[in-house]
Amino acid sequence: MSSLVDIGVSIRSEQDNPWFERLMASLRAKAAGLPHDVLVEQGQLLTKVEKRLRLFRRSQARYLVILEDDTEVLHDGWLLNMVSRMGVHPHTAVMNPAETRHPPEDVSPAELKDEAVEVTNAAGFCMLIDRESGIEPDVRVQTMDDLWLSLAARAKGWRVVSCSAAIVRHSKLPWGSDDLAPWEMSDRSRFGEGDAYYERDRHEAKRRHEAKLMIETFGDLARLTLPKELLDERTDPLLAAQERDAERRSGMAYAAERLAPRLVAAGATGGED
């Protein structure tokens, strides 16, 4: 019989991965409060989202927690607190815990707050997902997969919520770029082109391609949620049409401006039929 909850982690490799080791140690040290299974997907040639999709397909539980490998559980009962809040706030498809980047330390019960706020999109570091919502990652969206899941949920009439009843640390410290090469630092999408993920121009182009896909799929919901810098005529067909219309109107105005003196001159010479 499957558990109520699965915990899923996607990594490039278990070898020489201090973040994954830290995460697994914290899962062993802090009682989740609910029976659960831990699922791990790894692979050098698969992107992060491809591995996350495999986690969705493998999981047989009602709830699936997706954890980044550079997270750390800080207190007992973190999973129970999140799942129980799902019941208090029905029709929630995606839930984030509170996030901290401070050095790890035990969190006392007094620091946990029974607060939940509906948000437009979840952050990908730790997402509790109700599988009954029917949402899952799309491999075409590699850099903003958390936003895709949030939009997919809201498009179906489900909610996205941030909850303060659990706290998860999200930080690569104490390890950093001075200790490891960039491609060894975390499980990131590779696009099949080595370190292309870390090339700024290529990364930005990928984000724009994904923004266009989200607008085509979710329409105004995406327009209201996407970062403003990704909304322009290159990503939004509506803005592109408006731009073309503005150019057409500008051309017509320019033509009229150029033609007006000629019409006036023709009138001054008394040109009559």
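Start with one arginine. The side chain of R208 reaches the backbone oxygen of E229 at 3.2 Å. That is a polar contact: a pair of N or O atoms within 3.5 Å, where within protein one must be able to donate a hydrogen and the other to accept it, and residues adjacent in sequence count only if both atoms are side-chain atoms.

Before going on, the ground rules. This is a predicted model, so local features need pLDDT of at least 70 and side-chain atom pairs count only at pLDDT 80 or more, while totals for chains, interfaces and linings use all residues. Residues are numbered from 1 along each chain as its sequence is written, and side-chain values use heavy atoms, with hydrogens and water left out.

Where is R208? In helix α5, residues 200-218. Helices here are DSSP runs of H or I, at least four residues; strands are runs of E, at least two; both are numbered from the N terminus. R208 is buried, at 17% relative accessible area. Buried means under 20%, exposed over 50%, partly exposed in between, with a 1.4 Å probe and protein chains only. Skip the neighbours within four places in sequence, and R208 is in contact with E229, L230, D232, R234 and T235. Contact means heavy atoms within 4.5 Å.

Now confidence. pLDDT is the predictor's confidence in each residue, from 0 to 100. The protein chain averages 84, and 78% of the residues score at least 70. Watch residues 182-194: pLDDT stays under 50 there, and the model has 38 contacts for them beyond four places in sequence.

Next, charges. Side chains of opposite charge can pair when their charged atoms come close. How many salt bridges does the structure hold? There are 21. The criterion is a side-chain nitrogen of Lys or Arg within 4 Å of a carboxyl oxygen of Asp or Glu.

First, R22 and E72, at 3.7 Å, N to O. This pair links distant parts of the chain: R22 sits in helix α1 (residues 18-29) and E72 in strand β4 (residues 71-73), 50 residues apart. R22 counts as buried, at 11% relative accessibility. E72 is buried too, also at 11%.

Second, D145 and R52, at 2.6 Å, N to O. D145 is in helix α4 (residues 145-155), R52 in helix α2 (residues 48-58), and they are 93 residues apart. Both D145 and R52 are buried.

Third, D130 and R62, with the closest N and O atoms 2.7 Å apart. D130 lies in strand β7 (residues 126-130) and R62 in the loop between α2 and β3 (63-67), so the pair ties together parts 68 residues apart in sequence. Buried or partly exposed? D130 is buried, at 4%. R62 is partly exposed, at 32%. Shared partners also join K48, R52, E68 and D145 into one salt-bridge network.

Last, the nonpolar side. A nonpolar core is a set of buried Ala, Val, Leu, Ile, Met, Phe, Trp, Tyr and Cys residues joined through side-chain atoms within 4.5 Å. The largest one has 29 residues; V94, I129, I135, M144, M214 and L226 have the most contacts inside it. Its largest share, six residues, comes from α4. Apart from this core lies another, of 28 residues, among them L67, L79, C163 and A165.

And the whole chain: seven helices and eight strands, with buried residues making up 47% of the 273.
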